[in-house]
Amino acid sequence: MINDKSYYLDLFSVTENDLQSLMQESLRHGGDFADLYFEDTTCSDLLLMDGEVSSGGFNIDYGVGIRVLKGEKTGYAYSESTDRTSMRAAARAAALIADGNASAGRVGAAVEEASRPRYKGRPNPAADRYPMLQDWRTCETARLVPFLDRLHQGISERDKRVVKVIAMLSSQVTDLLMYNSLGELKYETRPLGSISVSVVFQQDGKIENKSVSRSFRAGVEMLTDALADELVAKAVDRIDDRFGARRPKGGKMPVVMGAGASGILLHEAMGHAFEADFNRKGQSIFSDKMGRKICDSSITVVDDGTIRGNRGALNFDDEGVPGQRTVLVEDGVLTSYMHDRISARYYDVKTTGNGRRESFRYNPIPRMRATYMEGGQAAPEEIIASVKKGIYVDQFSNGQVKIGEGDFTFYVQSGYLIESGRLTAPVKDINIIGNGPEALADIQLVGNDPLIDDGTWTCGKGQSAPVSCGIPTVLIKKLTVGGE
Amino acid sequence: MTSPELLTREERELTLKCMEMALAKGAQKVRVTASKSVMDLVGTLNGEIDKVTHCLDRSLSVCLFVDGRFGSFATNRFDEEGLDAFLDRGISVTRMLAPDPFRDLPDPERTAKDALTGTELNLYDDYYERMTPELRRRLALDASLFGKRNGEEWTLISEEAEYTDSVFETFLADSQGLRCRHIETSFEYGVEVTLEDKKGNKYSKYWWDGTPMLKDLDINACCPKAIDLAVEMLHPKRHRSVHTHMVIDTEVASKVVSPILRALNAYSLQQNNSFLLDSLDKQVFPEGLTILDCSRNAGESGSRYFDSEGVATRPTAIIEKGTVRQYFVNTYMAGKMGIAPTVEDAIRPKVMPFPRHGLGRDEILSLCGEGILVTGFNGGNSNAATGNFSYGIEGFAFKDGRITHSIRDMVVTGSFLDLWSHLVACGEDARLCQARLVPTLAFSDVDFSA
């Protein structure tokens, strides 16, 4: 949502002259770029537990972050007050990066970005990708409570084994104003609504739990009957299998990744290694692979900030760069890293709009948005049928990757054995481990069912950022499955 | 010596004023917590300054108990006019929630009476007041080893480090007369190095140190240690699946202790989402396991005189010779579950030595003879309800008490109750900078997949 410029200037009690004055202060020691990031965020939550919405609250976070760049080096400070004295003090602290003790990077003072696109993107900066029809901040709590009550009732009625339901409705609305030393002024309002449901089931003395979530950049209008029905259905879906699931025998075997949420593996095991800061510092396994073939020609990987209402959508990133769709791997060839302004200057390319930050307290760094693999040709059933003995997984949690080595481990919440081309016994509580580049190179079949998962995915990289992920059904030739 | 003050007198007075305003607006009980911190960071990349950051944070959290209902709210805007609107809205939201008879402030008898100046735990280093931007830069730059150390088989291709110092103060008050303060300084240095071998393989390792007192910060040991750890990882081999001893290095051993502490928390127990249901005063672990909560150890970062409700902490046994002695129960959960309240969480848990004092990693490897030494966990998870776990690991194979080679692509799988029933040893080598004092641990009969 984008209001008038005056709304944001008034909110932060600044004038355009103030912004220019702060720029001068920030660059007084010779910094070659500076930006200001004003933020006013209201986070609210309501919690249903033991059948009642008896807990709730909100949090207000307000301030301005001031960044000064000298080459690739960063000075950063922030103020929780936007009075002139406080902001000038923060500007002076950030400006110190450019004093005599910090030598400039190899790029020097050139600020203008080179325009040598190395990817096929569809920049669309003019679109408002998250119009908020009803603002969370002005919605009465009494209007939100029935949605949580409905989830509780629906889930409890659907399955007699349900013993506990916890449902949380969270919203975040952020007013932003950004200004930089190029004279670019950007402002907007970003909504984010999330619902998380956790259910505990009990059967014959055994306990199982299941969680489901949905999140969108939207206002209160996202709380539809259809969403409630979907959450209820998913919360109890396949719980029989969960009770019957076992750990399979471990070992190396083919792994079929189900469409949608399996995309978290793409995010963790490959996506982070495409972030330009890790490559700039020589830490990524892909540091020297730009323009080279890294996987099968059937594979195209995209990081996309342009999906309307998506949790990772951005009209522009936190450096004021228009949100974009960035093709990272095209037909198996590594075509672009994800860039913020610093890495784009280093690599002498255009920024890709991936400069993101958790809040005004953090300097922006390259981060993913919605990262997904595009669909291929194979039918999902055909992919499963091609496996004589292996494992099918469709829900992961707690993945981790070592950026340098590329090694990853993912915890499988649910899946099935594949025996003679058919899904058979359910499995749970196992890990799959492998190496990101090797796994990418080992993808043999790509399904025609690409799906983006709308769960509450949050990426942690020193600071959190809402993202989403997706993948079609894919077959990986061989991964290690940790079982009995 | 005068007491250090990060929160100004005006800010503390405004905190109390906020409480009075909330009571005047219709709240029957109120708890307010003001926090303030200042943090300075100098980041280096490959021996050069890469980032300088200066942060000042304030927050005011308010818990409102209104007409049998409860809401919690926070803001970082400290002006009185803003607080007026903030409280109006908070009370309005709280009134829309369902009544909950179990929400209450803690019994005043249980609250801390001895956290008056905030310095009682000796966690404030007045040298902090002499820190300057130049001194911070010098500390960060002098600690770097980039360009000064390479090996025959490897090159140091990246060294990314951060020196940080900070001061933090919290002031907690409630409408029953509670007043508590805590202030502490922190000095930290952490470094991640990436080595490349002759084949282009990369190996990254991290090492850090942290302490409330600058004089205790072993900053110059961090880069050498991180490099040594990365060098140890060269030439990894894929190991076969094996059923053997597992020794977990103290740096990562809290991975198998934290799930126990979570399972003993009343929120997990009340939601039936715990593998330690109905375990209080029962022996569910082997006699060799004793975990104490050393919550009031002076000079140790993480020690606290009070929890977030203002309840007084006390040194206590969480698990004593295998018997569960404590659930973590706040005032709310005590009411819901009909049990006695304790503290809301473990403050500074410490796993005690077994079978004897003084064991370090090397002695424990000798004790076990053969097995897998785990020095890092890479992903994986545990099931809170069943206690089943599966974690990716990195580390080393060892034989005859000596490390033979580094390993990768391995997973350890089991259940916590079964794992702990095979406890062999608990060392006495936890570093004080760790939030949880978990030493090197050893278990027998553990399943590793590869």
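Helices here are DSSP runs of H or I with at least four residues, and strands are runs of E with at least two, numbered from the N terminus.

**Figure 1. Chain A as a whole, with eleven helices and 23 strands.** What you're looking at is a predicted model. The radius of gyration of chain A comes out at 24 Å, close to the 23 Å that the globule rule gives for 484 residues, so chain A is as compact as a globular protein of that length. The C-alpha trace spans about 70 × 55 × 35 Å along its principal axes. Buried residues make up 58% of the 484 in chain A. Take the contacts in chain A with a separation of 6 or more, and 75% of them link residues 24 or more positions apart.

**Figure 2. The domains of chain A.**

**Figure 3. A stretch of chain A to read with care: residues 100-125.** Chain A averages a pLDDT of 89, and 94% of its residues score at least 70. Over residues 100-125 of chain A, though, pLDDT stays under 50. For that stretch the model still has 52 contacts beyond four places in sequence.

**Figure 4. Where chain B touches chain A.** Here 56 residues of chain B are in contact with 64 residues of chain A. On the chain B side, strand β2 (residues 48-66) gives the most, with ten residues.

**Figure 5. Strands meeting across the two chains.** Zoom in on strand β3 (residues 73-79) of chain A, which runs parallel to β2(B) and is joined to it by four bridges. One pair to pick out is G75(A), which stands opposite V52(B) in β2(B).

**Figure 6. An open four-stranded sheet in chain B.** The strands line up as β11-β10-β9-β12 (chain B), with antiparallel pairing. At the edges stand β11 (323-324) and β12 (349-351) of chain B; each has a single partner strand, so one side of each is left without a neighbour in the sheet. Strand β9 (residues 291-293) of chain B pairs with β12(B) in the antiparallel sense over three bridges. Within this part of the sheet, look for I291(B), which sits opposite V351(B) in β12(B).

Definitions and conventions
Residues are numbered from 1 along each chain as its sequence is written. Chains are lettered from A and ligands numbered from 1 in the order in which they are written. This is a predicted model: local features need pLDDT of at least 70, side-chain atom pairs count only at pLDDT 80 or more; totals for chains, interfaces and linings use all residues. Two residues are in contact if their C-beta atoms, placed from the backbone, lie within 7 Å. Two strands pair if DSSP finds at least two bridges between them. Domain bounds come from an automatic or database domain assignment. pLDDT is the predictor's confidence in each residue, from 0 to 100. The radius of gyration is taken over C-alpha atoms; the globule rule is 2.2 Å times the number of residues to the power 0.38. A residue is buried if 20 or more other C-beta atoms lie within 10 Å of its own, exposed if 12 or fewer, and partly exposed in between; C-beta atoms are placed from the backbone.
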